[in-house]
Amino acid sequence: MCFADKKRFLRQGRAMTCRCKTGCHTKRCACLKDGEPCQDDCQCSNCNNPLNGLDVARMSTCAIENVQRYKALSQADLADMMDLPCGCERVPLQKLVNTYRCRKCDERYWYSFCLGETVQDSCTWHCTKCGTCRDWREWHCPRCNRCTYGVTLPCDGCGSRERDPWI
């Protein structure tokens, strides 16, 4: 289950709201921490949530976590044509901010702001705890709070095999 699906599953039937007094621009804001824009029923003052006005439901987790870098892109940057790793298509960067499905090979891709390149969805994931994109063979250890290599191996840092099922 991806990060966005986890949030929707946990929030079914309840809306995330905040009461920030400092502008909603840090992770202290419940909405921003949850990767969501502030809603009409939020009671925040001087709201500066950088996700406001964006369709976060379609954006990749990496794009949401790097929203300031995304917003700094010009229209010309977003129109730049990017090669998909499969070699089947060239698509504008704007389409890769969301998960994009190749029309020829049916593989999913997205732009990693962390790595500065287009990545295959089945081979790369964005760790929301570490804030970086990772190889599919890496996992986040909740005991020592870092990512480690090897899906069947214990953590390099602490030896734990405990995994966070929601990451």
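The account below treats the pairing of the strands and then their surroundings.

Analyst: The model is predicted, so local features need pLDDT of at least 70 and side-chain atom pairs count only at pLDDT 80 or more, whereas totals for chains, interfaces and linings use all residues. Residues are numbered from 1 along each chain as its sequence is written, and side-chain values use heavy atoms, with hydrogens and water left out.

Helices (H or I, at least four residues) and strands (E, at least two) are DSSP runs, numbered from the N terminus. Two strands pair if DSSP finds at least two bridges between them. On that basis, an open sheet of 3 strands has the order 3-4-5, and its pairing is antiparallel. Strand 3 (100–101) and strand 5 are the edge strands, each of which pairs on one side only.

The pairing of strand 3 with strand 4 (residues 108–112) is antiparallel and comprises 2 bridges. Tyr-100 has Tyr-109 of strand 4 as its bridge partner, and Arg-101 stands opposite Arg-108 in strand 4. These two strands form a hairpin with 6 residues between them, in which Asp-106 takes a positive phi near 70°.

On the pairing of strand 4 with strand 5, 4 bridges join the two, again in the antiparallel sense. Trp-110 stands opposite Val-119 in strand 5. The hairpin of strand 4 and strand 5 has 4 residues between the strands, and Gly-116 takes a positive phi near 75° there.

Burial is defined by relative accessible area: buried means under 20%, exposed over 50%, and partly exposed in between (1.4 Å probe, protein chains only). Strand 4 is mostly covered, since 4 of its 5 residues are buried. In strand 5 (residues 117–120) lies Thr-118, which counts as buried because its relative accessibility is 10%. With contact meaning heavy atoms within 4.5 Å, and residues up to four places away in sequence not counted, Thr-118 touches Met-82, Asp-83, Leu-84, Pro-85, Leu-96, Tyr-109, Trp-110 and Tyr-111.

A nonpolar core is a set of buried Ala, Val, Leu, Ile, Met, Phe, Trp, Tyr and Cys residues joined through side-chain atoms within 4.5 Å. The largest such core has 32 residues, and those with the most contacts inside it are Cys-18, Cys-29 and Leu-96. At least two residues of this core come from each of helix 2, helix 3 (61–65), helix 4 (67–71), helix 6 (93–96) and strand 4. Beyond four places in sequence, Cys-29 touches Cys-18, Cys-20, Cys-24 and Cys-38.

A further hairpin involves strand 6 and strand 7. Strand 6 is joined to strand 7 (residues 132–135) by 4 bridges, and the two run antiparallel; Thr-124 stands opposite Asp-135 in strand 7. Between these strands are 4 residues, and Gly-131 in the turn has a positive phi of about 75°. His-126 belongs to strand 6 (residues 124–127) and is buried because its relative accessible area is 8%. Leaving aside residues up to four places away in sequence, the contacts of His-126 include Trp-110, Cys-114, Gly-131 and Cys-133.
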